[in-house]
Amino acid sequence: MDKLDRYAVVGNPIGHSKSPSIHKMFAQQSAQQLEYVTKLVALDEFSVDVKRFFAEQGSGLNVTVPFKQQAWDIATGLSDCARLAGAVNTLWLKDGEIQGDNTDGIGLVRDLISNNSYQLVDKKVLILGAGGAVRGVLQPIIAQRPSSITIANRTLSKALQLRTIFADIYPLECCEYSQLDGPYDLIINGTSASLSNQLPPLADEIVGPDSCLYDMMYGSQTTVFNQWGKKLGAKSCIDGLGMLVEQAAESFSLWRGVRPETAAVIRSLRKELQK
């Protein structure tokens, strides 16, 4: 029997990762023979572990917290999206060189368009937060040609840094939360506030009856951000589970040259969460 192609997701912590389940389902539906596992990596051993993995004929890696910046540093070939994101979540070898891409933004956009029939063209978009998660998704959002994108953050200087980074491709608007003037068509929560059941300090007026709220976080219960949106009568409130699956599908496609179907995988994970 031929040796299986080996893939893994690396992080610290990593035990909670749903990536092995997702990629197992992708492999089954597309008749791909592969192995995909979690790898707990010590905080100071990322570079060594990645190089060892590929030296031992590993095929590809997903990278999660806190190593996405280090993955960007180690990749010798970066996609345009990864270069602007300043972070990498997908690694593979090509002609002996480590290639890096960031599929988070593509995952978010595909979840909106394909799974929720939401088009970003000409929309007034608000993105909350200015950290690595937001920087990682901006380029694919910009590519959809919204009419405006506002970055709101507690610390204005961090939002202004993003405006500088993306200045050549899009004129981002930046402000503090208290300066927001809505309503907005699409409000994306790129902060980690939902992980601690917190809500950024937002005025109710930024949500209108046609607003779509998108929380990049997800859980077994509706996130606090989406609860807030529903209370205010937002047209739709979406969590980040679909984004998780879609970014994994993009990684799978980069590695295997096959785009898996995601709808059944999202349904399966949603069912697991609700148990």
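Strand β4 and strand β6 (residues 97-101) pair in the parallel sense over 2 bridges, two strands being paired if DSSP finds at least two bridges between them. I took strands (E, at least two residues) and helices (H or I, at least four) as DSSP runs, numbered from the N terminus.

This is a predicted model, in which local features need pLDDT of at least 70 and side-chain atom pairs count only at pLDDT 80 or more, while totals for chains, interfaces and linings use all residues. Residues are numbered from 1 along each chain as its sequence is written, and side-chain values use heavy atoms, with hydrogens and water left out.

I then followed the open sheet of 6 strands, which has mixed pairing and the order β2-β1-β3-β5-β6-β4. Because β2 (34-40) and β4 (77-78) each have a single partner strand, one side of each is left without a neighbour in the sheet.

Next I looked up D104, which is placed in helix α5 (residues 104-116). D104 is buried, with a relative accessible area of 13%; buried means under 20%, exposed over 50% and partly exposed in between, with a 1.4 Å probe and protein chains only. I noted that its side chain makes polar contacts with the side chains of K68, at 2.9 Å, and N89, at 3.1 Å. A polar contact is a pair of N or O atoms within 3.5 Å; within protein, one must be able to donate a hydrogen and the other to accept it, and residues adjacent in sequence count only if both atoms are side-chain atoms.
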